[in-house]
Amino acid sequence: MRVDPSYVTNLVGALDQTQVNEQQLSSELSSGVSVSSLSQNPVASGENVLLLNHIQQDDSFTQTSSLVSGKLQVADTALSQVVTQLNTAISLATRANNGTMNASNIQSISKQLAGILAEVTTLANTSYQGQYIFAGSQSSAAPFSTSTSTTPATTTYSGDSSVNYLETPNGQSIQLNVPGDQIFQGSGTSSVFGALNNLIADYASGTVDTAKAVSDTAALNTSLNYVSQQRVTIDNSLTQLTAASEAVSSDQTQLTTVQSNLMQADYATVSTQLSLAETQQTALISVIAQLNSTSNTLFSKL
């Protein structure tokens, strides 16, 4: 019996291709991934790259939002404590202005107000992870300091007025800080430190210029309202950041699912294809063996 050499070559090529297919299908079953190289499915591979880029952008935003969310929460807590301190200061000043206290008690109130000033200064110099949160972009140094070389004392701000924003994946800008000068110095009668320093001086001698003390107390009340307004800005930023983070988290989940479906092997289909490949391989080996026995040395010479 004569065997067509081209037919034999085709059988060997088919066997080789079947073995390649079998290896690929086995790899898909073991790894669970249907596309391991660009050449296997260029369209799916390209879509996967786009999905990965989007997922990485979401990951980056999630990490950043976690950091700035902590910073905003610290800022909100600090301003909450400032509000508490200023309310106490207004209560003390109101008592000192009622005309019923003796000099010693009035001087005691001056000292208590000095303690409040120190506490508010500490809060205004609050830091988070080594950065002063009310210093604008000059966050490496404490922004507020008080000099007692004058009467009343003077509190100065060494930060700047820079405001930072975080852009969400959908293009929304979220304000991340309120500079300290905007919160504590404001303008005119809305200066926290100006009002506190004036009241401390008003009561230091034990005698009260009622008209001036009442005016300075009103200024402190105005500054308290102004601080509360700035706190609303921070609270709004926290709300926006939380909503954006939840949206990004949901987007990540959806993108990951899409990516998984795109790249994941269909176990049932792959198992069927692998079984067919194994059957085909067995059949080809059988045919080649028969031809080999018929032609004696033909395959040994290939």
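**Entry 1: a loop with a cis bond**

I started with Pro152, which is found in the loop between β3 (144-147) and β4 (154-157). I am working from a predicted model. I looked up the peptide bond that joins Thr151 and Pro152, and it is cis, with omega at about -5°.

**Entry 2: the largest pocket**

Pro152 came up again when I listed the lining of the largest pocket. Thr151 is on that list too, along with Thr146, Thr148, Thr150 and Ala153. Helix α5 gives the most, with 3 residues. I wrote down about 160 Å³ for the space in this pocket. By class, I have 6 nonpolar and 5 polar residues in the lining, and no charged ones.

**Entry 3: helices α3 and α5**

Next I looked at how these two helices are placed. Helix α3 covers residues 103-124 and helix α5 covers residues 192-204. Their axes come within 8 Å and cross at roughly 160°. Angles over 145 degrees count as roughly antiparallel, so α3 is roughly antiparallel to α5. I recorded the crossing of α3 and α5 as left-handed.

Which residues of α3 and α5 make the contact? From α3 I listed Ile106, Gln107, Ile109, Ser110, Leu113, Ala114, Ile116, Leu117, Val120, Thr121 and Ala124. From α5 I listed Val192, Phe193, Leu196, Asn197, Leu199, Ile200, Tyr203 and Ala204. By class, the contact has 15 nonpolar residues, 4 polar residues and no charged ones.

**Entry 4: the cavity**

How many cavities of 30 Å³ or more does the structure hold? I found 1. The largest cavity has a volume of about 40 Å³. Its lining consists of Lys71, Leu72, Ala75, Ile133, Phe134, Leu176, Asn177, Val178 and Ile234. Helix α2 (residues 42-96) provides the largest share of that lining, 3 residues. I sorted the lining of this cavity into 7 nonpolar residues, 1 polar and 1 charged.

**Entry 5: a positive phi**

Gln129 is found between β1 (127-128) and β2 (131-132). Gln129 is not a glycine, yet I noted a positive phi of about 50° for it.

Methods
Residues numbered from 1 in each chain as written. Predicted model: local features only at pLDDT ≥ 70, side-chain atom pairs only at ≥ 80, totals over all residues. Heavy atoms only, no water. Axes fitted to C-alpha atoms, helices over the stretch in contact; angles between N-to-C directions. Helix = DSSP H or I, 4+ residues; strand = E, 2+ residues; numbered from the N terminus. Parallel < 35°, antiparallel > 145°, perpendicular 65-115°, else oblique. Left-handed = near helix turned anticlockwise from the far one by under 90°. Contact = heavy atoms within 4.5 Å. Nonpolar A, V, L, I, M, F, W, Y, C, P; charged D, E, K, R; others polar. 1 Å grid on protein atoms, 1.4 Å probe; cavity = no way out; pocket = protein on both sides within 12 Å on 5 of 7 lines; lining within 4 Å. Points joined across faces, edges and corners; volume = space filled by probe spheres on them.
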